[in-house]
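These are my notebook entries on a structure that I went through one region at a time. I began with strand pairing and then turned to a helix and a pocket.

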Amino acid sequence: MKTRQVTYDHFPTTVVRGDYSVWTTYQEISNELLKAAGMLAKEKVIIAVELYPGIRINEIKAHLIEEIPQAHVFFANEYALYGKEIREKFSMLITDDRVFGRMAALTVEDYYDKEKLEALRTDVAEVKEGIVLVYGTGASLAAQADITVYVDVARWEIQQRMRSREQGNWNDANVDEDILRKYKRGFFLDWRAADRLKVDLFDTIDYYIDSNGEDAPRMITWRDYCTGMEQLLSGPFRLVPYFDSGVWGGQWMKEQLGLDKNKENFAWAFDGVAEENSLYLQFGDVRIETPAINMVLKYPRQLLGEEVFSRFGAELPIRFDFLDTMEGQNLSLQVHPDKEYIKKHFGMDYTQEESYYLLDAKEDALVYLGVKDDADKEALFNDLYEAQDGVTPFDADKYIATFNAKKHDHFLIPSGTIHCSGANAMVLEVSLCAYIFTFKLWDWGRLGMDGTPRPVYIDHGKKVMNWNRSEAWVKENLVNHFTVLVDEPGHKKEQTGLYEYEQIVSERDWFTDYVDYDNSEQTVNMLNLIEGEEVEVISVEGLFEPYTVHFAETFIIPAQIEKFRIRNLNVEQKVGVLRARIR
């Protein structure tokens, strides 16, 4: 594994232009809220401090709420369902499974006891003068607020708080529960409801607080926050990546992306997942971290384009992430459900169609993809069940087709195709962003990082696996299915990924000088610099400042950008760019 100079930017930040104010202590924040309340010149001022699930409530109470001692204070969560009441009410959605729940159109109000909520509204209404301060998740339900403060936290930070057992799910004391179960309830229920309320408040929020740091709030006006988002969407940008270890993890990202060498391994990197990643907005010398999903929810048409928005709603449907098995182990043998199955059983509108693009590989690297031509279905699943029961290990080589994998190969993986990356591969995974819907069929007899067996779903897998994905069919349709679109001196463009039922088009450009891209269909583009040290993204019309991208960095071109150029900053070295969009 050849090590190059690390140029990968772990903290991509958009510097916001213009005039703005930022408040960076709870004392400053409370003073600003009191000042804003005084400027209203009203006998009674209602301040709603809306908290996203995962906020450190005790910190908000001790350092913000109690800094306004003259206020009539109401804690909204006390009027909501709690613990067992939530689990019983939503048991059909939470389910008994460790990983999978069911999507539903829940609102934050559904988490409230209706009589208690009415009592809260009455209590707030009966205060005739002074400041009324309501805080909690659902605080804005108590009354029409005069001042609305939204306190937010990134999804990855919430997961870290769950993992460390600092927090459980919203309004529950389940801090010691299995992290998979806590994440599941957040993913299927809590975060869905909170995001719906957030969208409802977009036109009424006055102040936005970044609460990702402990005792380190960052508050700006909502108007300035939106200005920052709009500037970010005016050109190329990156999401803030995060990296995580795994039982099969490898060593490539440590070396090539400059990660902590004291960690045992790194398995995953999310560098292009709007629901999971953050954005950094720099206001002067203060950096605001905010969930990237806010951008999607607030500006879906500008980001996605009309066609993608009409098909997927306010979701960024393309996902780029890394899977590192270099000097590691095989991924689990797995399969993804088809659209009908995922809708029927989990309430999702689309499924995970994906592909493996090899950023790097050792000579012995393999990709498991499809079943062997002579494989017996009944025997295969019998052996999977026996392996799961501990009778005998599953002989994957007996049933599953394998293909040698080398750098810059591209393997397409439509739903229903059994697959996994073998050891000694560095995969850029390009997929429709259905997040967690992977049915593991065999995990090579190992335990997870927590020392417990990783969930395996043979019953689900048996129902969705497409038995027609034989070795011969896969080789013809899914392995390096390249079509040359342009071949001229200094530039070669290839279509690298487009199985007829998959919705993602991917193209690869090799060039020495520059390539002009036409986005006249006005759709969101996600790209990665798969070869070369550094390129610059330029507006040929001068609509945005040049944007530098380094090796392996994923970046996004919003739909509203119709033309852009990518220029090689080192013409002595050919560069490669992989581009994906919805067809």
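Entry 1, strand pairing. I took two strands as paired if DSSP finds at least two bridges between them. The model is predicted, and I read every entry below as computed from it.

I asked how many residues of strand β26 (residues 525–531) are buried. The count is 7 of the 7, so β26 is largely enclosed by the rest of the structure. For this step I counted a residue as buried when its relative accessible area is under 20%.

I traced a sheet of 4 strands, which is open and has the order β25-β30-β27-β28 with antiparallel pairing. I noted β25 (514–518) and β28 (547–550) as its edge strands, each pairing on one side only. On average, neighbouring strands of this sheet are turned by 25° against each other, direction ignored. Within the sheet I checked β27 (residues 534–538) against β30 (residues 563–568) and found an antiparallel pairing over 4 bridges. Val535 stands opposite Asn568 of β30.

I asked whether helix α8 (residues 222–232) is mostly covered or mostly open. I recorded α8 as mostly covered, with 8 of its 11 residues buried. The buried residues of α8 include Trp222, Tyr225, Met229 and Leu232, and also Asp224 and Gln231. I listed the elements against which the buried residues of α8 pack; among them are β1 (13–15), β7 (207–210), β8 (218–221) and α10.

I noted a volume of about 570 Å³ for the second largest pocket. Of the 22 residues that line this pocket, Arg192, Arg196, Phe312, Glu315 and Asp349 are the closest to its centre. The elements that give two or more residues to the lining are α7 (179–201), α10 (293–298) and α12 (306–312). Which element gives the most to the lining? I found that α7 does, with 5 residues.

Note on methods. Residues are numbered from 1 along each chain as its sequence is written. This is a predicted model: local features need pLDDT of at least 70, side-chain atom pairs count only at pLDDT 80 or more; totals for chains, interfaces and linings use all residues. Side-chain values use heavy atoms; hydrogens and water are left out. On a 1 Å grid over the protein atoms alone, a cavity is a set of points where a 1.4 Å probe fits but cannot get out, and a pocket is an open set with protein on both sides within 12 Å along at least five of seven lines; lining residues have an atom within 4 Å of a point. Grid points are joined across faces, edges and corners, and a volume is the space filled by probe spheres set on the points. Axes are lines fitted to C-alpha atoms, for helices over the stretch in contact, and angles run from 0 to 180 degrees between N-to-C directions. Buried means under 20% relative accessible area, exposed over 50%, partly exposed in between (1.4 Å probe, protein chains only). Contact means heavy atoms within 4.5 Å.
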